[in-house]
Amino acid sequence: HDARRYALGAATVSLGAERGYELTLAARAALWAGDRDGAAATLDDLASLGLAGRAMDAARSTLAAGVEAMDGTSDAAERYRSAAEAWRALELPLHLCLCLAEADRFGRPNRIEQADGQADGIVQEDGIAEAKAILAELGADGLAARILAPITARSDAEPPGRSPRPIGRTARPTGEGRQRPASRGRRPGSG
């Protein structure tokens, strides 16, 4: 939720297309955090800006498909396909990759029905292969494990790593840092 909060904060002090980009990021962050209502609200804010252009249309379509997929509506599959075609036409490979990844990520667990009546996700293996190829071409293969990984339920996910609690006198209870050891036999200012 922090990513969405930061993007919304940046959007409040921005104008025009920059605000649109930040709201797009906020909506995407909400989707990836599983916050359907936050994504829908941010998408409404984005639509209220009235920004025009093919890239903004494709972005809104991708995000709307995500909200629809979270709702389990069958329109999500066609909207994702349409958005992917728009990103291809614009020759914006990273946006296309994100669209394909989100179609797989949000469509598969919500069992979106495809045109042939099967419910095995929106993007078939060739879409995932396309996304992996895009990341490799961009030199970002390392992202594949993060954005193309299957979703695990929050309860199944391992908790984030944490640093061990400080021991001894290495930190103050208030977290203000390390305390200086007491000097022996000298008074402050005695030189």
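Tutor: Start with the whole chain. Of its 191 residues, 37% count as buried. Buried means under 20% relative accessible area, exposed means over 50%, and partly exposed lies in between (1.4 Å probe, protein chains only). The model is predicted, so local features need pLDDT of at least 70 and side-chain atom pairs count only at pLDDT 80 or more, while totals for chains, interfaces and linings use all residues. Residues are numbered from 1 along each chain as its sequence is written, and side-chain values use heavy atoms, with hydrogens and water left out.

The chain has eight helices and zero strands. From the N terminus on, the order reads α-α-α-α-α-α-α-α. Helices (H or I, at least four residues) and strands (E, at least two) are DSSP runs, numbered from the N terminus. Contact means heavy atoms within 4.5 Å. Take the contacts in the chain with a separation of 6 or more: residues 24 or more positions apart account for 54% of them.

Now go inside. The largest nonpolar core has 39 residues. Such a core is a set of buried Ala, Val, Leu, Ile, Met, Phe, Trp, Tyr and Cys residues joined through side-chain atoms within 4.5 Å. Tyr80, Trp87, Leu135, Ile147 and Leu148 have the most contacts inside this core. H2, H3, H4, helix H5 (75–90), H6, helix H7 (125–137) and helix H8 (144–147) each supply at least two of its residues.

Look at Trp87, one of those residues with the most contacts. Trp87 lies in helix H5. Is Trp87 buried or exposed? Trp87 is buried, with a relative accessible area of 4%. Set aside its neighbours within four places in sequence. Trp87 then contacts Ala55, Ala58, Ala59, Thr62, Leu92, His95, Leu96 and Cys99.

Leave out residues up to four places away in sequence. Ile147 touches Trp32, Cys97, Leu98, Ala101, Arg105 and Leu135.

Leu135 turns up again from another side. Leu94, in helix H6, touches Ile134, Leu135 and Leu138, again not counting residues up to four places away in sequence. Along the chain, Leu94 and Leu135 are 41 residues apart, yet 7.5 Å separates their C-alpha atoms. Leu94 counts as partly exposed, at 40% relative accessibility.

From H4, the residues Thr62, Gly66 and Ala69 meet Cys99, Glu102, Phe106 and Gly107 of H6.

Glu91 sits in the loop between H5 and H6. Its phi is near 55°, a positive value in a residue other than glycine. Glu91 is exposed, with a relative accessible area of 68%.

Back to the start of the chain. Which residues of helix H1 (residues 2–12) are buried? They are Arg4, Ala7 and Ala11. Seen down the axis of H1, these buried residues fall within an arc of 65°, so they line one face of the helix. That arc is taken from the directions from the helix axis to the C-beta atoms. The buried residues of H1 pack against helix H2 (16–32) and helix H3 (36–48). The face turned away from the buried side carries the exposed residues Tyr6 and Thr12. Asp2 is also found in H1. With 45% relative accessibility, Asp2 counts as partly exposed. Asp2 and Ala30 are 28 residues apart in sequence and 9.5 Å apart in space, C-alpha to C-alpha.

Finish with Leu49, in the loop between H3 and H4. Leu49 is partly exposed, at a relative accessible area of 29%. Not counting residues up to four places away in sequence, Leu49 touches Gly16, Arg19, Gly20 and Leu23. Arg19 is 30 residues from Leu49 along the chain, with 8.6 Å between their C-alpha atoms.
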